Amino acid sequence: MPFARLATATTPTCHIGLGLAAVGRPGYINLGRDEDLGADRSVESLRTRTHELLDAAYFQGVRYFDVARSYGRSEEFLADWLAKNPGIDDVVVGSKWGYTYTADWTTDAEKHEVKDHSVQAYDRQRSESAEVLGDRLDLYQIHSVTPDSPALTDKELHARLAETAAQGTSIGFSTSGPAQADAIRAALAVTVDGEPLFRTVQSTYNALETSAAPALAEAHDAGLTVIVKESMANGRLAEPHAPDALKAVAAETSLGCDAVALALVLRQPWAGVVLSGAATTVQLASNLHAAVVDLDDEQLARLAGLAEEPDGYWERRRRLPWH
């Protein structure tokens with residue numbers, strides 16, 4: 001299991017990973033993106049930015065990097081960085097298949113990505129990921145599984161995924177939408193030849209969206225590594241958009257809203273890796289302060305009051321514009 005590499009890490013930030021969704025393509029739904037990236041979003045500009053983030057993250061103890069076929073050129077940017085740093089052999093690389101990037105390096109495409117969980121899509125994207133990342137790919141995840149996803153019931157696909165696992169690449173899945181808990185529990189029941197198929201789960205959990213917590217605890221108890229994405233709620237928990245209660249707690253800790261929001265997730269006993277989606281090295285440095293945030297019971301109680309109903313949370317996320 002590649003995540004065993006993280007067990008030997010002793011830095012405070014070893015349980016924070018870096019996701020490249022925000023910098024692997026010119027358009028994304030994070031708030032504040034125009035200020036973060038500016039006008040120059042050429043391939044080479046974002047490649048350089050990604051490499052700067054990876055350098056800073058690795059130097060500060062981050063050892064898990066997360067990409068996807070649909071994150072523009074994120075796999076390519078990460079592969080380039082790994083090739084430039086051949087001595088770095090203690091990181092864990094995860095990618096995802098199931099969405100195809102269709103925006104053609106623009107920010108105003110009618111569709112930025114198209115979902116397909118078929119065997120045919122898996123075969124094609126597995127080949128594409130292998131061509132880019134080669135033997136550096138440790139974890140391959142089904143992207144955004146929902147309870148109605150055919151990936152939960154397709155036995156041919158399960159057999160293909162089990163073959164990949166037998167060759168040394170761990171198999172996982174990510175979830176999205178208001179029924180994440182149902183999708184997680186359905187995936188936990190998937191077996192091939194009597195053995196559980198999935199070794200990791202990546203789900204959205206943050207101060208505003210806490211509904212998946214019981215299912216993620218079950219996944220952790222079943223032996224899966226839990227990866228948490230969107231801990232910043234696509235920028236809704238960062239300055240200046242953060243709720244007043246979060247701003248108040250952040251002021252009391254003398255750290256940023258982002259650090260407090262990430263710390264709230266890191267303290268969950270089932271959280272194995274919590275992703276930073278930083279788009280700048282300044283944001284990353286601030287995010288990494290989460291590892292030293294200490295929240296008391298009264299502060300935690302105030303932050304618990306921020307949780308929203310899942311349907312409302314995901315509807316608001318769906319309406320976020322691509323920047």
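1. A crossover counts as right-handed if, with the strands pointing away from the viewer, the path from the first strand over the helix to the second runs clockwise. Strand β10, helix α8 (residues 213-221) and strand β11 form a β-α-β unit of that hand. Helices (H or I, at least four residues) and strands (E, at least two) are DSSP runs, numbered from the N terminus.

2. Before going on, note that this is a predicted model, where local features need pLDDT of at least 70 and side-chain atom pairs count only at pLDDT 80 or more, while totals for chains, interfaces and linings use all residues. Residues are numbered from 1 along each chain as its sequence is written, and side-chain values use heavy atoms, leaving out hydrogens and water.

3. Now for β11 itself (residues 225-229): 5 of its 5 residues are buried, so the strand is largely enclosed by the rest of the structure. Buried here means under 20% relative accessible area, with exposed over 50% and partly exposed in between (1.4 Å probe, protein chains only). Thr225, Ile227 and Lys229 cover one side and Val226 and Val228 the other, and all are buried.

4. Who are the neighbours? Strands pair if DSSP finds at least two bridges between them. β10 (residues 200-204) pairs with β11 in the parallel sense over 5 bridges, and Thr200 sits opposite Thr225. β12 (residues 273-276) also runs parallel to β11, joined by 2 bridges, with Val273 opposite Ile227.

5. A word on cysteines: there are 0 disulfides, taking one as a pair of cysteine sulfur atoms within 2.5 Å. Cys14 is buried at 6% relative accessible area, and Cys257 is buried too, at 2%.
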